[in-house]
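Try each task before you read its solution.

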Amino acid sequence: MSLSLQTPPFSALSSSSSLQGSLRFSARSTACNLVTLKLQRSFPQIRASSGFSSSLDTGARTELDAVSRFSEIVPDTVIFDDFERFPPTAATVSSALLLGICSLPDTIFRNAIEMSLADSGCYGLENSELRLLCFFNKALVNVGGDLAKLVPGRVSTEVDARLAYDTHGIIRKVHDLLHLYNEINVPPERLLFKIPSTWQGIEASRLLESEGIQTHLTFVYSFAQAAAAAQAGASVIQIFVGRIRDWARNHSNDPEIESAIKRGEDPGLALVSKAYNYIHKNGYKSKLMAAAVRNKQDLFSLLGVDYIIAPLKILQSLKESVTAPDEKYSFVRRLSPESAASYNFSKEELVKWDQLSLASAMGPAAVALLASGLDGYIDQAKRVEDLFGKIWPPPNV
């Protein structure tokens, strides 16, 4: 998020237009799904200088302009030729991104990886596991530092998912990463740390936020997780709309999902709405991010939520769809602090969440999807370490 917006940013891959010639991903490449872009809110001005058709520079507005009045729109796919159309302002660095960088022959981030593998403090470690972990941390921070030079907003750094059930391990890891960022002069206010929403992760978020360290809680699939994350003071809470819907299509017996379906609501959209209302009605500082949005109707149903991650094909359709000024009424803000104030929560939902109540309230969907997300992150981290083990030492070391 642009710093001028004065709201906590979220993770997004970014770069400047100068990257177009040096780093390119195809729409179907593995790297395309590694990171997400954040759109600048001043989109009409950017559009005017980016060669858009003249019809978009008259009184007409695109659907993308219209929906951007209510929520920050985030592409979840990266094609570097689209930077001028979807200019990024914030960034994320993860094990998946490191794998993508290593898979490309020539990127501006390649030197950050090589410098990590040449770090004397790491290669001096005799224990091979500790050495690879040191390389991993240095690579995350070196790439994050490069991204911080390219974007005005904050950089979010993934915390090792293998620590998901270790509160103090998460905190130590974040402190270690902060120390490394400090060595390359990236200040704490430019950083977020992406943590899985286990109870231990939520508790780590609470303690880190009390130190002034901003956190981004991910893998939220239940109201209990969202509410506990808000109570912890997480800067960003991320809910995956489409993944919840996918689970509901193939499974049953989750009380939270069944309740939404009985009301005639999509369970993923319903969770975002409920979490948003909870955060705003109770005055929590957290910003809510809706991810895994699958179509335009999903996006329209979420207008008003802080951030919406949308596939590039949806953004392209929104950009190409022109709305006349007298049609702007058709885009309605679905979520707002005012509507949240009138939302009624049960006594059970307004409890102070702890480990036992969270575990009891998480249904089979949240348990399964959280486990699946963690497995994916852990696998990517191991792949990075395996790759580093194969290519170390680099030339001239």
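**Exercise 1.** Are Phe-300 and Phe-331 buried or exposed?

*Solution.* First, a word on what you are looking at: this is a predicted model, where local features need pLDDT of at least 70 and side-chain atom pairs count only at pLDDT 80 or more, while totals for chains, interfaces and linings use all residues. Residues are numbered from 1 along each chain as its sequence is written, and side-chain values use heavy atoms, with hydrogens and water left out.

Step 1: recall the scale, on which buried means under 20% relative accessible area, exposed over 50%, and partly exposed in between (1.4 Å probe, protein chains only). Step 2: apply it, and both Phe-300 and Phe-331 come out buried.

Step 2: look at how the two rings meet. Rings of Phe, Tyr and Trp (its six-membered ring) pair if their centres lie within 6.5 Å; planes under 30 degrees apart count as stacked, over 60 as edge-to-face and the rest as tilted. Phe-300 and Phe-331 make an edge-to-face pair, with 5.5 Å between centres and 70 degrees between planes.

Step 3: Phe-300 belongs to helix α13 (residues 296–301) and Phe-331 to the loop between β10 (322–323) and α15, so to speak two distant parts of the chain, 31 residues apart.**Exercise 2.** How many aromatic pairs does the structure hold? Examine the one between Tyr-278 and Phe-345.

*Solution.* Step 1: the count is nine aromatic pairs. Step 2: the ring centres of Tyr-278 and Phe-345 are 5.5 Å apart and the planes stand at 85 degrees, so this pair is edge-to-face. Step 3: the two partners come from distant parts of the chain, 67 residues apart, with Tyr-278 in helix α12 (residues 267–281) and Phe-345 in the loop between α15 (337–341) and α16 (355–361). Step 4: check accessibility, where Tyr-278 is buried at 2% and Phe-345 is buried at 13%. Step 5: widen the view, and ring pairs join Phe-223, Tyr-278, Tyr-284, Tyr-343 and Phe-345 into a cluster.

**Exercise 2.** Which charged residue sits over the ring of Phe-223?

*Solution.* Step 2: the residue is Lys-274, whose charged end is 4.7 Å from the centre of the Phe-223 ring. Step 3: find another case, Arg-243, which lies over the face of Phe-240 at 4.0 Å from the ring centre. Step 4: follow Phe-240 to Ile-309, 69 residues away in sequence but 9.4 Å away in space, C-alpha to C-alpha. Ile-309 is part of strand β9 (residues 307–310) and is buried at 4% relative accessibility.

**Exercise 3.** Which residues line the second largest pocket closest to its centre?

*Solution.* Step 1: on a 1 Å grid over the protein atoms alone, a cavity is a set of points where a 1.4 Å probe fits but cannot get out, and a pocket is an open set with protein on both sides within 12 Å along at least five of seven lines; lining residues have an atom within 4 Å of a point. Step 2: this pocket holds about 440 Å³ of space. Step 3: of its 25 lining residues, Phe-223, Pro-255, Glu-256, Lys-274 and Glu-349 are the closest to the centre. Step 4: α9 (223–232), α11 (255–262), α12 and α16 each give two or more residues, and α11 has the largest share with five.

**Exercise 4.** Which cysteines does the disulfide join?

*Solution.* Step 1: use the cut-off, a pair of cysteine sulfur atoms within 2.5 Å. Step 2: the structure holds one disulfide, and it joins Cys-122 to Cys-134 with an S to S distance of 1.9 Å. Step 3: the S-S torsion of Cys-122 and Cys-134 is about -70 degrees, so the disulfide is left-handed. Step 4: Cys-122 is in helix α5 (residues 120–123) and Cys-134 in helix α6 (residues 128–150), so the bond ties together parts 12 residues apart in sequence. Cys-122 is buried at 0% relative accessibility.

Terms used: Helix = DSSP H or I, 4+ residues; strand = E, 2+ residues; numbered from the N terminus. Lys NZ or Arg CZ within 6 Å of the ring centre and 35° of its normal. Points joined across faces, edges and corners; volume = space filled by probe spheres on them.
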